[in-house]
Amino acid sequence: MPVRWLVLGVVLLGLLLPRAAGQGLGSTPSEVRIDLDRFGVGNLARPGDWAGIRVRVQDAALKSRDVIVRLTTRDIDGDSPWYERAITTNPGVQQGVWLYARLPFADLARMSMTVSVHEAIPSPDDPGAPTGFRAGRLLGRSTLTPRGTSVLAPTEGLIGILGPQPYGLQPYTQPAPNTNLPILTLGHEVSTLAGGLTPADMPDQWQGLAAFPVLIWGQGEVSELRGDRARAVRDWVNRGGHLVVILPPVGQTWTNPTSNDLYDIMPVVSVTRREGVDLTPLRPILTSDAGAVMPGSAVVHHFVPVTGATPAEATRILSSPDGDCVVVRRLVGAGAVTLVGLDLNLGRLSQFQLIDADVFWHRVLGRRAATNVSFDALRSAPGGLGLANTRTYWSFDQDIPELIAQKGKAAAGVALGFVVFVLYWLIAGPVGFGLLKMKKLTHHAWVSFVAAAAAFTAAAWGGATLLRPSRVAATHVTIVDHIYGQPVQRARGWFSILIPHYGERSISVGEPGLEATHGSNLIAAWEPFSAEFTSDPLSFPDARGYAVDVRAPSRVVVPTRATSKQIQAEWAGGPRWRGPRPVDPSGGGTDVVLTLNAEATTVQPLITGTLVHELPGELNNIFIIVVRGQTPLSDRRVRPGVIPPAFPPVVADVFTGPASGWPAGTPLPLDRFTIRAGNALATSYDLSRFVERFRPVIPGGFISGPVRPDIAKAPERFAALALYHHLSPPDFEGSRVSNDAGLLYAAYRTSTHGYDLSRWLTQPCIIILGTVGDAGQDVESPIPISVDGEAAPTKGITAYRWVYPLPDRPPRYPDALVPTEDSPAPGAP
């Protein structure tokens with residue numbers, strides 16, 4: 001009888017256990033309701049970048065309580081970053097909560113991403129609880145299912161627009177027909193417009209805007225942007241963002257310190273409003289159609305720098321024919337704020353498509369691709385576009401994984417293992433047995449075998465112990481930007497950090513003990529775009545979660561397994577590297593400046609002055625770019641049926657730097673290096689011809705899919721990334737007589753969005769591109785990385801970009817449009 005009851009109990013237990021387990025896995029506590037509000041600002045997010053995800057939570061409890069809202073993703077090791085924020089609930093009321101995370105290169109629609117709410121247990125001394133609270137009982141959980149339209153391709157650009165209109169930016173969004181690649185027909189990267197935004201849609205941390213290189217503020221009261229949201233926009237600008245503000249026709253308050261929390265980063269100008277302005281004379285800065293009928297009565301704001309304003313605080317970008325500034329810019333850290341005085345909200349401008357992207361926006365944003373020609377016209381033009389769908393995808397930031405891979409240590413271990421195995425096989429096998437046979441000691445074969453096994457086991461164990469690293473070490477690739485005269489440097493770095501410990505270790509970015517400026521620095525696990533990272537990536541058997549405070553994601557405590565952890569870091573702060581500065585070669589004088597000789601002949605220097613730097617290593621692979629200004633405006637109509645050359649609207653020359661490198665403390669006389677003809681020290685190029693060197697050479701005709709570039713040319717590709725939006729367009733005509741697939745290349749990037757300097761090609765400046773730490777000279781990253789509070793030694797390559805702003809020179813108008821004393825008033829017969 002007892003046996004019978006025991007068997008019956010086992011059967012019943014076997015039937016009930018699977019059902020109970022299924023109910024536990026499928027059930028979701030409902031004390032807190034969770035709804036997805038925004039998957040990214042404007043409901044757009046890009047894998048590989050940080051994104052702001054806004055959720056709505058509603059607590060059914062009877063009284064307020066502290067809870068943790070957690071977003072869970074997966075990293076390349078299979079561990080789960082928990083992006084957490086502690087809030088106090090308001091029972092029965094829906095509360096909007098911003099969460100921020102770096103989205104992995106994955107199919108986000110299939111990847112298991114969840115938002116959960118937990119009781120918050122105070123844990124102020126727990127290093128694994130960065131919010132000061134530890135997650136307790138689960139109160140609610142929801143699986144994120146972003147719509148397909150919310151998730152961009154990792155190669156797409158992104159432009160934010162506050163306001164309902166596209167303002168003529170649509171051509172940047174139109175991919176080439178007959179291809180599934182997000183590329184422009186006569187250019188490269190397609191940008192998606194996040195339109196219809198309002199001030200209320202702005203996130204409360206800058207990383208929510210990190211995927212946006214540009215924000216166009218077309219409509220919306222700036223007085224509605226206050227507190228944390230205003231600070232987030234300001235931090236984003238200081239870290240490289242470009243805020244473009246289109247002043248409203250009436251009631252503008254952008255220059256009012258009481259109404260505008262961003263007043264301190266606005267151009268230092270006085271604003272004059274004029275009504276009833278005929279836009280016909282301003283047609284060359286809006287459209288290429290000389291026959292377009294422009295509005296005869298519009299509101300235009302003119303800008304005049306305030307007395308005492310520095311050139312960096314008020315730089316004229318575009319002016320009217322009579323010299324009144326209508327587009328002005330202020331440099332803010334690594335970014336900029338641009339005011340547009342033209343009323344681009346005027347209905348007639350949008351109704352009749354009178355804003356050409358490659359006329360107006362190219363000159364404001366710094367872009368190049370020809371966008372105002374229809375595909376049908378191009379297809380029937382000489383040269384044709386019969387091969388428009390045979391573009392070769394070419395990555396310009398694909399070198400990063402190989403450059404940070406710590407292959408040397410692994411190779412040494414593999415080599416040791418191979419040598420030990422071969423020697424063991426020989427001695428314990430045929431060689432050992434042969435020696436025993438010669439000595440007539442074959443009856444001791446087993447003893448010899450055991451001795452050999454023991455000896456080689458000891459050798460292998462000892463060798464592995466000697467080779468096993470005992471200290472933290474990291475390799476890096478870093479891009480750093482410094483604008484001369486600005487108090488902010490910004491940098492993005494990719495690190496492979498070898499942590500020879502098991503358990504958990506904290507990794508942080510920033511100077512230990514110093515509070516970050518311009519918003520929190522960022523650190524997150526990183527994986528290469530080419531990695532096979534799917535909805536269920538391979539993982540370590542002990543994969544586990546780790547918490548990240550979304551308000552200050554500059555420190556994480558990650559699981560460690562005596563292996564390398566790959567991370568991406570975003571840093572901004574006071575200059576850590578002392579870059580180039582003007583000096584007096586004679587040793588006299590303190591206020592030394594560089595001077596542009598814009599009208600210099602080819603045998604005269606474009607720049608007068610000398611530079612010296614104190615970087616931690618020699619600057620190599622140097623290119624010196626002198627931007628003299630924009631090309632003169634034109635009133636010529638583009639002829640239909642002709643493929644335009646897509647020349648950039650910039651007058652710029654490029655010079656190679658010293659071939660042997662530029663050591664620290666060594667003067668660099670620019671008046672000797674910036675001569676365009678007969679220069680024995682440097683080779684000079686027009687910018688359009690210079691960027692041709694970045695066009696890949698791929699013999700053998702069309703190649704479908706990505707192509708792996710030569711790692712030896714990585715420094716050149718870093719230079720290409722700096723000029724990304726000015727890379728050469730595809731050469732369809734040349735491809736008809738050549739089997740070089742590189743003529744139809746389509747440049748793309750996945751990890752370096754927002755790190756091009758194209759905006760600087762809209763105003764006079766000097767740009768110096770180079771690398772520090774290549775050619776066997778490993779140099780530490782300018783980004784301070786710490787492990788458990790101690791600085792981690794790093795070595796690798798840094799792409800260094802230095803910009804020196806020069807006095808402004810707005811482009812000239814055609815002589816026929818420049819008013820004289822005898823000219824009639826605009827619009828007069």
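Q: Which residues in H4 are buried?
A: In this predicted model, the buried residues of H4 are Ala357, Asp358, Val359, Phe360, Trp361, His362, Arg363, Val364, Leu365 and Gly366, where buried means under 20% relative accessible area, exposed over 50% and partly exposed in between, with a 1.4 Å probe and protein chains only. Helices (H or I, at least four residues) and strands (E, at least two) are DSSP runs numbered from the N terminus.

Q: Why is H4 largely enclosed by the rest of the structure?
A: Because 10 of the 10 residues of helix H4, residues 357-366, are buried.

Q: And which strands do they pack against?
A: The buried residues of H4 pack against several strands, among them S10 (214-217), S14 (315-319) and S29 (619-630), with contact meaning heavy atoms within 4.5 Å.

Q: Switching topic, how many disulfides are there?
A: A search of the whole structure finds 0 disulfides, a disulfide being a pair of cysteine sulfur atoms within 2.5 Å.

Q: Is cysteine 325 buried or exposed?
A: Cysteine 325 counts as buried at 3% relative accessibility, and cysteine 765 is buried too, with a relative accessible area of 0%.

Q: What does the side chain of threonine 192 make a polar contact with?
A: Threonine 192, in strand S9 (residues 191-197), makes a side-chain polar contact with the side chain of glutamate 156 at 2.8 Å; such a contact is a pair of N or O atoms within 3.5 Å, and within protein one must be able to donate a hydrogen and the other to accept it, while residues adjacent in sequence count only if both atoms are side-chain atoms.

Note on methods
Residues are numbered from 1 along each chain as its sequence is written. This is a predicted model: local features need pLDDT of at least 70, side-chain atom pairs count only at pLDDT 80 or more; totals for chains, interfaces and linings use all residues. Side-chain values use heavy atoms; hydrogens and water are left out.
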